[in-house]
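Here is a friendly briefing on charged side-chain pairs, written to be read with the model open beside you. Take a look at the structure, then follow the pairs one by one.

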Amino acid sequence: MRAVEKHPSLVEHLFNDSRVRKYGMMVLAHGVKGAAKKINPAALYVDAALSAFEAVNSYLKYAKECQKTKQILAENRKIKSQLDAQLKILKIKQETSLKEGQARLDELSRRIQLSHDQRANLLTQVKKHLQIIKIIQKKLKEEREEGVSFKQLQQAQQALDHLLLTSLMFITNNVE
């Protein structure tokens, strides 16, 4: 709260105060000696006492408002320091969140890279198995032509077909 002066200048105060105008006009009309004769000394003392009381009252109001202003300023400084502390905490939390998010992204990309590498290794192993299956298929064909037991050849061919089918399914699932 601001303390605002009621009269910004002394001259303005003199023109606006009714008592100053009343007694000032007496002084001007009757001169200094004549005004002194017309003015009642008791009224002058009472008026002076009333003016002194008003001055003291005004000063006490002013002091009270100054104290309120100091209290408000102190409260504003307290709130500002609390807000600054909160702002620092929020900045630290934001930096921590960003670092944690970056760490999670790095971990995910590392896992993706690892699974990509593992998938590539598995595919190379499956390709090797397919080459082995082709060799086994050629051997089974040669055995058929030589006349080995039909039942054993049929079981071996079924197992080989099942192995070939699962290998192809694994390749198609991992290539997508």
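**Salt bridges along a helix**

Glu-100 and Arg-104 sit four residues apart in helix H3, about one turn of the helix. They belong to a predicted model, and the structure holds three salt bridges. As background, side chains of opposite charge can pair when their charged atoms come close.

**Glu-100 and Arg-104**
- These two side chains form a salt bridge, and the closest N and O atoms of Glu-100 and Arg-104 are 3.9 Å apart.
- Glu-100 counts as partly exposed because its relative accessibility is 43%, a value between the 20% and 50% cut-offs.
- Arg-104 counts as exposed, with 54% relative accessibility, because exposed means over 50%.

**Asp-84 and Lys-80**
- A salt bridge joins Asp-84 and Lys-80, at 3.5 Å from N to O.
- Asp-84 and Lys-80 are four residues apart in helix H3, so about one helical turn separates them.
- Asp-84 is partly exposed at 34% relative accessibility, whereas Lys-80 is exposed at 51%.

**Lys-68 and Glu-65**
- Lys-68 pairs with Glu-65 in a salt bridge whose closest N and O atoms are 3.7 Å apart.
- Helix H3 covers residues 41-146, and Lys-68 and Glu-65 lie three residues apart in it, so they are separated by about one helical turn.
- Lys-68 counts as partly exposed, with a relative accessibility of 33%.
- Glu-65 also counts as partly exposed, at 21% relative accessibility; buried would mean under 20%.

Conventions. Residues are numbered from 1 along each chain as its sequence is written. This is a predicted model: local features need pLDDT of at least 70, side-chain atom pairs count only at pLDDT 80 or more; totals for chains, interfaces and linings use all residues. Side-chain values use heavy atoms; hydrogens and water are left out. A salt bridge is a side-chain nitrogen of Lys or Arg within 4 Å of a carboxyl oxygen of Asp or Glu. Helices (H or I, at least four residues) and strands (E, at least two) are DSSP runs, numbered from the N terminus. Buried means under 20% relative accessible area, exposed over 50%, partly exposed in between (1.4 Å probe, protein chains only).
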